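Good morning, colleagues. Today I would like to take you through charged side chains and annotated regions. Please keep the structure in view as I speak.

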Amino acid sequence: MALKVTRKCLVYSVLAVIVGAAVIATALVLILRDDEEIMKSYKFANSDLVIQLQEQPDHRYVISLIRDGTTIQRVTLDHDFTDDSEIESIPRGLLLEGNAQRLEIKDIEDTAEFSMISISRTLRRGQIISDIVHTDEQPQGGRPLQWYGGPEQMDQFYPVQRLRFEDYAYIPKELHSSAIVERYWVNSAGVFFYVEKEVPLFIDQDEETLRLTAKKELPYYTYDDTFVFNYRIGVAKNVKEAHLKAVDKVLNKPVDIPDARMVRHPIWSTWVRYKKPISQQTVLDYAKEINDYGFKNAQLDIDDYWENCYGSLIFNPITFPNVTELTEQLKEMGFRVTLWVHPFINKNCQPWYTEAMTKGFLVKSHNESIGYNTKWWNSDENEASYINFINPAAVDWFRQRLAELRDQGIDSFKFDAGETSWAPADPDVEGPKALLPASMTTSFVRMCAEFGPMIEVRTGWATQDLPVFVRMLDFDTRWGKNNGLQSLIPTLLQMNLNGYPFVLPDMIGGNMYGNDILTKELFIRWLQANTFMPSMQFSKAPWDIDLETVAIAKRFTLLHEEFSDYILQRMRLTVAEGIPVNPPIWWLDPEDEEALKCDDEYLLGEDILVAPVLTEFANKRDVYLPKGTWRDGNSTQVYEGGRWLRDYSAPMDTLPYFVKTTFQMR
């Protein structure tokens, strides 16, 4: 018979009686108190973790995670139980009931090294429930928590508790460059949160809290009567172990590595240097210059604008009169050839637009006034539509047209866009409705990945398993954190800690939009910062600046190539164990307070520390070395870690980096 306790019994606790790992009895103790609170504790059998559930005077409940007698995390459950709520003991957990609402807290994993609970409820359409994660806890000797994960942002911060959100729909979207929005946060106490994919999630974030809200509102599917609000909380001994468990339990590992040549040698793109339109002769001239200046290549990407109209997937016969001849010439020059591709069709692109419309290959809105209409950066308002990659017939149609491009000698593709907000609002498409609209991103990216390890995408949602490069979104050509050079490392770390370790940094020097000016100093510092990341991508050519820049660029591309075997080794380790390719420096010591908040250094594997100069006119910087014995990459000097190097000298041709003395290139 189930045991229920109402507010007539104002405080109680439950302790598990354990023999070995088996629970053989449960004792219930009831205590009356005057402050009208209800409290219940659940002790994990195999770890030192305790979950304490306590009612507040306003009838909200707070979950406290207690380790070694210290509260390491609190979550306030939304005030929707009223004063007649009941708490029921269930196997391996607790059940809250009240106001026609049921909330289960269950112990779903319990080992000495890791514990995980689930918090779940089913809600009715019209309900809005917000749980508050208290991000300002100070459990570690009074030290504030540092937080990682969260959404990719144009103005990327790291740690991420400095980000601010208000009623923010948590889906891949154009706004703020939120191309990756995995529902995952992990903190320096070793606690992670993962919100299930079916939840219509909105977030609010300030300096003290992360509010997780579930509500059936656009941009989610709004036509069902009930929906779920489920998330998991994992607890390990530190942030590194928590993240590894999250990769194993909720994020997933890639099944293979991307193309090795894209790691070893630079990618060259026509985009920044030529913008649009481009021509067959433009591409050939660029390839000849790359070779004449003695640079190697992974491939040459033909970017926007090569089509005869946007969406035809057919070369413009005037600007590209003989594509097969072009690709043959490029291959004779030692280049592989890739092509920029997007998921849109403009209405003036006939007969392809009419064909797609007639065959039902386009995303349609439930809202008849919107219909199939959308807008992207190469169309006017309501003058384009978005291909429905959830529709298998539409995928086949798109795939076949790309195969025809391959027949002309195109080796692979650079896939752009893919975030949900490019499709018409309130999409009426196939598939599980609870996963909309983000499932459109998943379907698009998985279609792209069918074209092999040379492809690149720029978005993802639950696609960490794919063996492809994920590109950072377009950076502006500027210093600073607001989508400039100082955003590069925070974005690299954010992607790695969301389970996307095969990071393709954006163009060296940024995209030169508007009135942006690429100076020699900015180009070289960007190049240096990129050197120990998985791949290098040029568009603005070093020889467009001067011959000294050419020499420096050759030196750092060669340095990248020298370490490419190690990069590939770390990629394979990611496949095997889920370890990031470019971890934050706290990876080497998850208890190091300085390392936990460092946002302008990164690791390659566990043996190379990189501390590039990211400030204009600077010729020195402070470098923090975490635990270990480090050899200066620019000298024979050796340092013991756990210390700052103040005013490390770094003139414009110098990249500060350090190598573990135990490191041997294999």
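Predicted model: local features only at pLDDT ≥ 70, side-chain atom pairs only at ≥ 80, totals over all residues.

I begin with the salt bridge between R646 and D622, whose closest N and O atoms are 3.1 Å apart. Because R646 belongs to strand β35 (residues 643-649) and D622 to strand β32 (residues 620-625), the pair ties together parts that are 24 residues apart in sequence. R646 is exposed, with a relative accessible area of 53%, whereas D622 is partly exposed at 28%.

For residues 578-660, an unreviewed UniProt entry lists "domain: Glycosyl hydrolase family 31 C-terminal". That span is 5% helix and 36% strand, and its end C-alpha atoms lie 22 Å apart.

The UniProt annotation "domain: Glycoside hydrolase family 31 TIM barrel", likewise from an unreviewed entry, covers residues 270-567. Here the chain is 34% helix and 9% strand, with 26 Å between the end C-alpha atoms.

How many salt bridges does a search of the whole structure find? The total is 41. Let me present two further pairs.

In the pair formed by D465 and R446, the closest N and O atoms are 2.9 Å apart. Is D465 buried or exposed? Its relative accessibility is 17%, and D465 therefore counts as buried, the limit being under 20%. R446 is partly exposed, at 31%.

The pair of D292 and K288 has its closest N and O atoms 2.8 Å apart. Both residues lie in helix α4 (residues 280-292), four residues apart, which is about one turn of the helix. D292 is exposed, with a relative accessible area of 52%, and K288 is partly exposed, with 48%.

Salt bridges also link D416, E419, E456, R458, R471, D474 and D506 in a network.

T420 counts as buried, at 6% relative accessibility. Although T420 and Y220 are 200 residues apart in sequence, their C-alpha atoms are 10 Å apart in space.

Finally, which residues gather in a patch of negative charge on the surface? They are D136, D206, E207 and E208. D136 is found in the loop between β12 (128-134) and β13 (147-149), and is partly exposed, with a relative accessible area of 33%.

Thank you for your attention.

Conventions:
Residues numbered from 1 in each chain as written. Heavy atoms only, no water. Patch = residues over 30% accessible without salt bridge, like charges linked within 9 Å, V, L, I, M, F, W, Y side chains within 5 Å. Areas by Shrake-Rupley, 256 points an atom, 1.4 Å probe, with all protein chains shown as cover. Salt bridge = Lys/Arg side-chain N within 4 Å of Asp/Glu carboxyl O. Lys, Arg positive; Asp, Glu negative; His and termini not counted. Charge placed at Lys NZ, Arg CZ, Asp CG, Glu CD. Helix = DSSP H or I, 4+ residues; strand = E, 2+ residues; numbered from the N terminus. Buried < 20%, exposed > 50% of the residue type's maximum accessible area, 1.4 Å probe, protein only. UniProt positions renumbered as here; feature names shortened; annotations may be inferred.
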